[in-house]
Amino acid sequence: MQFIDLKAQQKRIRPQINEAIKKVLDHGCYIMGPEVGQLESLLAEFIGVRHAIGCSSGTDALLLPLLAYGVGPGVAIFTTPFSFFASCEVIALTGATPVFVDIEPVSFNIDPAKLQAAIEVVKKDDKLKPKVIMPVDLFGQPADYDPIMQIAEVNGLFVLEDAAQAFGATYKSRRAPSLGHVGATSFFPAKPLGCYGDGGAIFTDDDQLAETMRSLLVHGKGKDKYNNVRIGLNARLDTIQAAILIEKMKIFVEEIELRQQVANRYTEAIALAVEGSFKITPPITRKDCTSVWAQYTISCDRRDDLQARFKHERIPSMIYYQKPIHLLDAMTYLGHQCGDFPVAEKAAHSVLALPFHPYLDPDDQSRIISVMCE
Ligand SMILES: *Cc1c(COP(=O)(O)O)cnc(C)c1O
């Protein structure tokens, strides 16, 4: 049994993938070939935004909007301490300062109720200028954007949505990553929509910002190819990855449904197992949201015992995340301590992600459930 089985999906669409890759090899436009633009149109339409911009990874999809918006030293960016390191890393890379806001215990996403207070503290301190909020749609479920956007408007802040794990999830019928002013996703192979290498995309309705990001994507190019107008990156999406993603998009909506079915089966089994030796809390999706289930993450007070039991039964499980970001070695310069963000710290001690993918074998899932719930 595998934690995420990417081969099962590949088997299903292998002939189409072979054909798509062959086409790229035949036309030979490996960089910015026609498939990149075709994919961008598909993505923009699916998410419901004016601009989708393919790029080289989810990390670059977060970095480019920050560069385009012009953040740097002296700027405060409000984000969650409970995420993959890349969310915070891109902030630090620009020279801006990550300011953490603790999470909601149930969704594991940034807590809007604590956001305004965090902004006030920074304003009062008067050392950093608040400019950006970066919520993360963790494990596939969007953060709570209505209050976040309202706080952003009141304080004149820009919202960058990290939807690396939530491409296609919905919040009040709108799809991530269209929920902030600009959104980013990742096509890392294990994400809900993954390619066969690194890839990502940026989404926005802002024409000016889109133009700046397209320039930054290719070394800050200007209209004249021989005159660069700003300092940028090489952050393009490969044509071959775009061709693969076009094929994967054809089955993506069906795969979201399959993911939901696998999630429902776990959740129903956990609800029935009140007598089990492990007290398990299933993930809960808000009523006005859908998740794309990048992870199916349970909470359990005796998490380490449960993981040992899984290991004994040769069932893979993963801890996302063992350490909240404010306690990682790379962030010691911010001077945080244990206890600063207690909800995130508690989550780090109790979360466990179960084997999960759209093609999870029902017999395998029954075995996981019986080990976890007996
Ligand atoms: C995966 C991930 C990223 C980075 O995406 P890459 O494509 O691996 O660069 C950023 N943020 C979150 C929350 C992620 O899960």
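Domain bounds here come from an automatic or database domain assignment.

1. **Basis.** This is a predicted model, where local features need pLDDT of at least 70, side-chain atom pairs count only at pLDDT 80 or more, and totals for chains, interfaces and linings use all residues. Residues are numbered from 1 along each chain as its sequence is written, and side-chain values use heavy atoms, with hydrogens and water left out.

2. **Largest pocket.** A pocket is an open set of points, on a 1 Å grid over the protein atoms alone, with protein on both sides within 12 Å along at least five of seven lines; lining residues have an atom within 4 Å of a point. Volume is the space filled by probe spheres set on the points, which are joined across faces, edges and corners. The largest pocket holds about 480 Å³. Among its 27 lining residues, Phe84, Gln165, Ser186, Phe188 and Lys191 are the closest to the centre. Domain 1 (6–249) and domain 2 (252–373) each supply at least three lining residues.

3. **Ligand.** Which residues are closest to the ligand? They are Gly58, Thr59, Gln165, Ser186 and Lys191, out of 15 that surround it; a residue counts if one of its heavy atoms lies within 4 Å. A ligand nitrogen is 2.8 Å from a side-chain N or O atom of Asp162. A ligand oxygen is 2.8 Å from such an atom of Gln165. For Lys191, the distance from a ligand oxygen to a side-chain N or O atom is 2.7 Å. Alone, the ligand exposes 380 Å², and the protein buries 92% of that. These areas come from the Shrake-Rupley method with a 1.4 Å probe.

4. **Second largest pocket.** Its volume is about 330 Å³. It has 18 lining residues, with Pro105, Thr281, Ser299, Lys346 and Ser350 closest to the centre. The largest share of the lining, five residues, comes from α11. Helices (H or I, at least four residues) are DSSP runs, numbered from the N terminus.

5. **Largest cavity.** A cavity is a set of grid points where a 1.4 Å probe fits but cannot get out. The search finds two of 30 Å³ or more. The largest has a volume of about 120 Å³. Leu6, Gln9, Pro192, Arg259 and Pro358 are the closest to its centre, among 16 lining residues. It lies between domain 1 (6–249) and domain 2 (252–373), because both give residues to its lining.

6. **Second largest cavity.** Its volume is about 100 Å³. Of its 15 lining residues, Leu138, Phe139, Gln141, Pro283 and Ile284 lie nearest its centre.

Technical notes. Polar contact = N/O pair within 3.5 Å; in protein donor to acceptor, adjacent residues only side chain to side chain. Helix = DSSP H or I, 4+ residues; strand = E, 2+ residues; numbered from the N terminus.
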